Each structure stands twice: as C-alpha cells, then as structure tokens.
Amino acid sequence: MNEEVNSLNELDSNSSPEQPILPTEPKIDNLGRSYATGRRKDSTARVWVKRGSGAMTVNGKEMPIYFDRPVLQMQLNHVFEIANRVKEFDVMATVKGGGLSGQAGAVKHGISKALSLFEPELRTSLKSAGLLTRDSRTVERKKYGKAKARKSFQFSKR
C-alpha cells in the first residue's frame, strides 16, 4: 500500500503544472492553409491563412474596400505587426452577423488564432498582446419593466 502511495507521489512530483504544453506541430491542410474561427459581439468570422504576398479578402472583397475605415484596417494589420510577419501571409475570411466594428474584431481574432496554428512559436507573442482571447462583451438584453437594458421609465413622485 505504501509503495503505491510513493509511486503516485513520484508521478506528481515529476509532472510540472507550471509549464503549459505548446503544440509543436503546425495545423496546415493539404492546400497549405491554416483555419480558425474568430468571434466578436454578434459576428463570426471563418479565416484561412496561407503564405503569400499579404493580400486580404473579406467576403470576396479586398480588405480596404470591405473595411473602409482606417481604424478597422489598422486593427487587422496589428496582428501581423505584433507577429513581425507583415506582407507574408494571404488571408481569406468570410464574416457573418453584427456590424463592421464587430466583424473587424472577429476577423482579427480569427487571424491571430490561425497564425498561432500555422506557426506555433508565434503563440506566446500573440497571447501576451491579448489577441488570442475572445472579447466576450456583448449587448445586454432588455429587461421587462424598463425602457432599455438599464434605463427606467420617467418617475413622477406627484
């Protein structure tokens, strides 16, 4: 009985829970692409990343045409700047739901996840920049007895 306990304690002491296990093999399909899903608000983006010249297409349109606001374009390019891979990957994304801001956030999330699957060594820099974490903030639902989610109807004392 004591031998079993000692062997269990040895197993526990040998495995170190502080060190996370990182994927060493890249997940690339037979076309040389890596796939990931990104989400933000009500938007969902399906993103494919492959080596190329830096072309980005979103829903069949070029990225500067689909996201015409410079702030949204800057969000998508920010992922490649953090990873030091500017103009090295082609991105093809399809986005559904939400508005332009949520869609840009969803594509950004998808690009960063797909990049970390394509090159697993980029995961630490993307994770430290907060790009792999899904932004879970969504619109709060309207409650009954209220004008909006939190706003009450006007109150009159007399």
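Predicted model: local features only at pLDDT ≥ 70, side-chain atom pairs only at ≥ 80, totals over all residues.
R51, R85, E88 and E119 are linked in a network of salt bridges, a salt bridge being a side-chain nitrogen of Lys or Arg within 4 Å of a carboxyl oxygen of Asp or Glu. Residues are numbered from 1 along each chain as its sequence is written, and side-chain values use heavy atoms, with hydrogens and water left out.

The secondary structure of the protein chain comes to five helices and five strands, where helices (H or I, at least four residues) and strands (E, at least two) are DSSP runs numbered from the N terminus. Read along the sequence, these elements follow the pattern α-β-β-β-β-α-α-β-α-α.

The five strands form an open sheet in the order β1-β2-β5-β3-β4, with mixed pairing; two strands are taken to pair if DSSP finds at least two bridges between them. At the edges stand β1 (33-40) and β4 (61-62), each of which pairs on one side only. In general, strands of a sheet pair through backbone hydrogen bonds, either parallel or antiparallel. Here, strand β3 (residues 56-58) and β5 pair in the parallel sense over three bridges, and the bridge partner of M56 in β5 is V91. Helix α4 lies across β1, β2, β3 and β5, running at about 145° to β1, an angle taken between N-to-C directions on a scale from 0 to 180 degrees, with axes fitted as lines to C-alpha atoms and, for helices, over the stretch in contact.

What share of the contacts in the protein chain with a separation of 6 or more comes from residues 24 or more positions apart? Such residues account for 69% of these contacts, a contact meaning heavy atoms within 4.5 Å. Buried residues make up 29% of the 158 residues in the protein chain, where buried means under 20% relative accessible area, exposed over 50%, and partly exposed in between (1.4 Å probe, protein chains only). The protein chain exposes about 11,000 Å², and carbon and sulfur atoms supply 52% of it; accessible areas come from the Shrake-Rupley method with a 1.4 Å probe, and for residues only the protein chains shown count as cover.

The side chains of R51 and E119 meet in a salt bridge at 2.8 Å, N to O. Because R51 lies in strand β2 and E119 in the loop between α4 (100-118) and α5 (123-128), this pair ties together parts that are 68 residues apart in sequence. E119 is buried, with a relative accessible area of 6%, whereas R51 counts as partly exposed at 46% relative accessibility. Not counting residues up to four places away in sequence, E119 touches R51, R85 and F89, and the side chain of E119 makes a polar contact with the side chain of R85 at 2.8 Å. A polar contact is a pair of N or O atoms within 3.5 Å; within protein, one must be able to donate a hydrogen and the other to accept it, and residues adjacent in sequence count only if both atoms are side-chain atoms.

R51 also meets E88 in a salt bridge (3.7 Å, N to O). E88 lies in the loop between α3 (70-83) and β5 (89-96) and R51 in strand β2 (residues 43-51), so this pair ties together parts that are 37 residues apart in sequence.
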